[in-house]
Amino acid sequence: MPRFPKFFVDELTVFIRSSPNISSLISFWNPPTTAQLTIESVPTDAAEGKEVLLVVHNLPGNLLGYGWFKGEIDSNQQIASYVIDTQEMTPGPVNNGQEIIFPNGSLLFQNVTQEDTGYYTLPVIKINFQSELGTGQLHVYSELTKPNITCNSSNPVEHRDPIVLTCEPETQNTTYLWSINNQSLPDSDWLKLSPDNRTLTLLHVTRNDTGPYECETWNPVSARRSDPFYLNVLYGPDAPTISPSDSYYQQGANLSLSCHAASNPPARYSWLINGRPQQSTQELFIPNISANDSGSYTCLVHNSVTGLNRTTVKTITVSGKWLPGPSTTGSEVEMSGFQKRACRKLFPILFPWTQAIP
């Protein structure tokens, strides 16, 4: 390549760096007969703080020089110009000292930021003042941090409170994914996602919706997953049950009843015997019962957080104590006619054979 006088090189440098009419020169460009000028980003997706190279392919020969621009060709958006004859690079207005132009036309970005994302233009000027134009894209993404889940209420009441789960932090150009119980979200009318998938709404919750819930963030250069998040769903009390199921007891026996109701937090228990309040315990114990202990036994349960109450009633019957005689066989007891007639009135269920007595 011939060497050019310094004034010509200076004029070319000024022309490449600052001419607002460089696009008029581009208009005289004729399609090349050789392979077309292309620009490739290496890597295709760059992580913030790393290096990325815009590699020029099929750079034509016999060049005067070239310049790099961020976006369209505009003297105010010039990164740098390069003069082939002097191998001199001159920084432009948007050059921040992190860009380097190589003799083959490639542009190196050091310590890239998301502000560097965009497209870049490379006009190359030939010695015959014809030109070619190449453009390339630069994509820069941040290295994601570990996300966390926030909630509008971590202690919702069953069938009452809607729940809003949010995956934090909010990051641009990030994909958000959710899982429940280590599985992808089911197709359900009670689950709603925001347009960007960052917020998951549970329109109603049950005691089976405790979780775990996890959110995952993803972009082309990194992926992170949150710690499991659990809901403390408040519910109950359900209808209580009294155990054991026995309703008939003999005089002198010990009566021990226990009441249970599903509830979160645990319910408070109290008892009524024939409408009279007893101790506030889950279990009720009466030793050496008599016929006077017969009647209705009511278990009352209360959840102080949900404000709900439930009750159940059990009827207890205490009978006289019958000692089996020597002729007892199986479950039947030999009794006098008077005893049988008394039992026939009081306990036909316990002693069905008494019904046949005249």
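This is a predicted model: local features need pLDDT of at least 70, side-chain atom pairs count only at pLDDT 80 or more; totals for chains, interfaces and linings use all residues.
A nonpolar core, as I use the term, is a set of buried Ala, Val, Leu, Ile, Met, Phe, Trp, Tyr and Cys residues joined through side-chain atoms within 4.5 Å. Buried means under 20% relative accessible area, exposed over 50%, and partly exposed in between, with a 1.4 Å probe and protein chains only.

Residues are numbered from 1 along each chain as its sequence is written, and side-chain values use heavy atoms, with hydrogens and water left out.

Cores, then. The largest nonpolar core has 21 residues, and Trp68 and Phe109 have the most contacts inside it. At least two residues of this core come from each of these strands: S3 (52-57), S4 (63-70), S5 (78-83), S8 (107-109), S9 (118-126) and S10 (131-141). Strands here are DSSP runs of E, at least two residues long, and helices are runs of H or I of at least four, numbered from the N terminus. Another core lies apart from the largest one; it has 18 residues, among them Leu257, Ala267, Leu284 and Val318. As background, nonpolar side chains in soluble globular proteins tend to be buried together.

Next, the aromatic pairs. Rings of Phe, Tyr and Trp (its six-membered ring) pair if their centres lie within 6.5 Å; planes under 30 degrees apart count as stacked, over 60 as edge-to-face, and the rest as tilted. Searching the whole structure gives 2 such pairs. Tyr66 and Tyr82 are stacked, at 5.4 Å centre to centre and 15 degrees between the planes. Phe109 and Tyr120 are edge-to-face, with 5.2 Å between centres and 65 degrees between the planes. Here strand S8 contributes Phe109 and strand S9 contributes Tyr120, 11 residues apart. Phe109 and Tyr120 are buried as well.

Now the cysteines. How many disulfides does the structure hold? There are 2, a disulfide being a pair of cysteine sulfur atoms within 2.5 Å. In Cys167 and Cys215 the sulfur atoms are 2.1 Å apart, and the link is right-handed, with 70 degrees about the S-S bond. Cys167 is in strand S12 (residues 163-168) and Cys215 in strand S17 (residues 213-219), so this pair ties together parts 48 residues apart in sequence. Cys167 has 0% relative accessibility and therefore counts as buried; Cys215, at 1%, is also buried.

Cys259 is joined to Cys299, S to S 2.0 Å, and that link is left-handed, with -95 degrees about the S-S bond. Because Cys259 lies in strand S21 and Cys299 in strand S25 (residues 295-302), the pair ties together parts 40 residues apart in sequence. Cys259 and Cys299 are both buried. With the bonded cysteines numbered in sequence order, the pairing is 1-2, 3-4. Cys151, at 24% relative accessibility, counts as partly exposed.

Last, a loop residue. Asn264 is in the loop between strand S21 (255-260) and strand S22 (268-273). Which side chain does the side chain of Asn264 join in a polar contact of 2.9 Å? That of Asn232. A polar contact is a pair of N or O atoms within 3.5 Å; within protein, one must be able to donate a hydrogen and the other to accept it, and residues adjacent in sequence count only if both atoms are side-chain atoms. Leaving out residues up to four places away in sequence, Asn264 touches Asn232, Val233, Leu234, Tyr235, Asn303 and Thr306, contact meaning heavy atoms within 4.5 Å.
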